[in-house]
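Visitor: I'd like to learn how to read a model like this one, feature by feature. Could you walk me through it?

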Amino acid sequence: MPTVLLRLRSPAVAVTRAAVQRATTPSSSASPRASPSSSTSRTMASSATTNPPPPSTILGVEHLPLSTWLPTPPADLQPPLPTTPTPHVYDIVIIGGGYTGLSAALHLHRHHRGRSVALLESEFAGFGASGRNAGHLTPTIGKDLPTLLAMHGERKSIGLVRFAEASVRAAEANLSELGIDAEYVDTGNIVVAVHASHERRLRGASRVAARHGLSVEYLEAAEMRRRGIPRAFVGGMVEQCGGTLDPGKYVMGLRRATIRAGVPLFEGTRVAAMKDGTDGVTLTTADGAVVKAGKVILATNAFAPGLAKPLGGLMVPLHITLAETEPLTQTQIDLIGGWKSREGLYTAHEVMESFRLTARNTIAFGSKSPRFERGGAVRGWSGAAQLGPVIQSLRDRFPELPDLRVARTWGGWIDITLSFVPVVSVLDKRTNNVHYAIGYNGHGIAGASLLGRVVADAAVGEPNEYLPLFQSKLPIPPEPFKSLAVRGLLGAFQWYDRRLDAQLRKMRASA
């Protein structure tokens, strides 16, 4: 169900020195598509940029190069694709081992067994956003429901909403059918209001949803208190479908299922070049291995323009910073209201804040301060400018816990589309060989679990009821206009949220 989705914001947000001190004091290039040659072939070289070493701490908080969900790579790393005298040959090659790629691999194994399939992953399956997100399984699609209706019309919007709810069910089916224990709590998520302007917006969205029979309702303050939701959240629109889970355990479960199914998974295998032609696709890895594929599924999301530059004109990659507190005692949980059903929470800010209580009684939170690299480059790590506002959001929403320590932080890359809706399409309609799914807009746990199946069906030419919903493309202007536009929007959203939060702090201080 679409709600106030991941909003955008720039990192330059003031954070009080006291908030940082409390957090760290222990208590324990988008370019136009190249014209094909006369042979209708095109070679795309990887534009991957070597990252600098990750910092060990940020603002005194331990920085994890992976995430709290995946502190180390899996013990059973699969061997890379070997270099052989003759090319490897597969009917379908999937590039990228996150939710999309693994879901596609499993779907092809179950429903299209006559085709040979291999999955190539540059690091290990789950290394990217699939193993780094906050763990909200939510039926959210589009910026919010009124905007979705305005941009796409009622018929398509309701179709997108139905897809979003089906995508949650697809993820839940994966958990149950594959025997994945991902600490799933199916009590929904709440888009929460912290200001009167949020309340008005969410009430309006709830009324629109009710007219269309969607499974949401608005919760007034009294109901929020009855549920034990922390008091800073004065109302909210509850999405009754979905909940929260451990995203690392979910993606590792999909990885195990893929290996168990016998789908070849080659980890540590970076595709350095991709040549698409009328006779199929030729892939060359960084180690020199060559693969001939009839079809390719590009499932690398924010990293997709590294191999397919035209996709940089459809998305904006953003680096998101998340963090986790030390475990709360029962006394501390009671202080904030009890949080009885452990619903996931994310705010109606222009750039949302997200909060959830984990199975180990820590608060995982973040998403407050995305970072955009000039030209849409995907490189770098979180820094003080990103973590500072994230810490401040914790202090603002949980003033009852001024000494709660932030134990660790990490980050990862997502991508945003202008429509706030994913895109599933083919890179070149003349060859119809390279299929992709991109643009989950920060809500990929559910969406990718189902769109992996959709893009797999597209690659084999199988009809899928959801495919037509995701083939519209809103192009992003080329550089330098792309960077100027993104930074301008981030700055505007930042200013609006910063002004609102300052008002709330002033009100709290005078209370």
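This is a predicted model: local features need pLDDT of at least 70, side-chain atom pairs count only at pLDDT 80 or more; totals for chains, interfaces and linings use all residues.

Visitor: What pairs the strands of a sheet?

Guide: The general idea is that backbone hydrogen bonds do the pairing, in either a parallel or an antiparallel sense. With strand 15 (residues 316-325), strand 19 (residues 406-416) pairs antiparallel, over ten bridges. With strand 3 (residues 61-63), strand 19 pairs parallel, over two bridges.

Visitor: Which residue in strand 19 is the bridge partner of P317?

Guide: That's D415. Go to H319 and the partner in strand 19 is W413.

Visitor: Is strand 19 largely enclosed or largely open to the outside?

Guide: Largely enclosed by the rest of the structure, because ten of its eleven residues are buried. As for where side chains point, the general rule is that in a regular strand they alternate between the two faces of the sheet.

**Reading the salt bridges**

Visitor: Let's move on to charges. How many salt bridges does the count come to?

Guide: The general idea first: side chains of opposite charge can pair when their charged atoms come close. Here the count comes to 23 salt bridges. Take R231 and E400, whose closest N and O atoms are 3.8 Å apart. R231 belongs to the loop between helix 5 (221-226) and strand 9 (235-239), and E400 to the loop between helix 8 (384-397) and strand 19, so this pair ties together parts 169 residues apart in sequence. R231 has a relative accessible area of 42%, so it counts as partly exposed. E400 is partly exposed too, at 23% relative accessibility.

Visitor: What about R405 and E326, are they buried or exposed?

Guide: Both are buried. R405 and E326 form a salt bridge, with 3.8 Å between the closest N and O atoms. Since R405 lies in the loop between helix 8 and strand 19, and E326 in the loop between strand 15 and helix 7 (330-335), the pair ties together parts that are 79 residues apart in sequence.

Visitor: And which side chain does K368 meet in a salt bridge?

Guide: The side chain of E353, at 2.5 Å from N to O. This pair links distant parts of the chain, 15 residues apart: K368 is in the loop between strand 18 (363-366) and helix 8, while E353 is in the loop between strand 16 (344-347) and strand 17 (354-357). K368 and E353 are buried. There's a network to look up as well: E223, R226, R227 and E343 are joined into one by salt bridges that share partners.

**Reading burial and contacts**

Visitor: Now a single residue. Where is the place of T244?

Guide: In strand 10 (residues 243-244). T244 counts as buried because its relative accessibility is 1%, and the cut-off is under 20%. Set aside neighbours within four places in sequence, and the contacts of T244 include H136, L137, E183, Y184, R342 and R356.

Visitor: Let's follow Y184, then. Which residues is Y184 in contact with, leaving aside its neighbours within four places in sequence?

Guide: Among them are L137, V168, E172, L175, T244 and L245. Y184 is located in the loop between helix 3 and strand 7 (189-193). With a relative accessible area of 24%, Y184 is partly exposed.

Visitor: Last one: what is the mean pLDDT of the protein?

Guide: It's 90, and 90% of the residues reach 70 or more. Residues 1-42 are where to be careful, with pLDDT below 50, although this stretch has 145 contacts in the model beyond near neighbours in sequence.

How values were computed:
Residues are numbered from 1 along each chain as its sequence is written. Side-chain values use heavy atoms; hydrogens and water are left out. Helices (H or I, at least four residues) and strands (E, at least two) are DSSP runs, numbered from the N terminus. Buried means under 20% relative accessible area, exposed over 50%, partly exposed in between (1.4 Å probe, protein chains only). Contact means heavy atoms within 4.5 Å. Two strands pair if DSSP finds at least two bridges between them. pLDDT is the predictor's confidence in each residue, from 0 to 100. A salt bridge is a side-chain nitrogen of Lys or Arg within 4 Å of a carboxyl oxygen of Asp or Glu.
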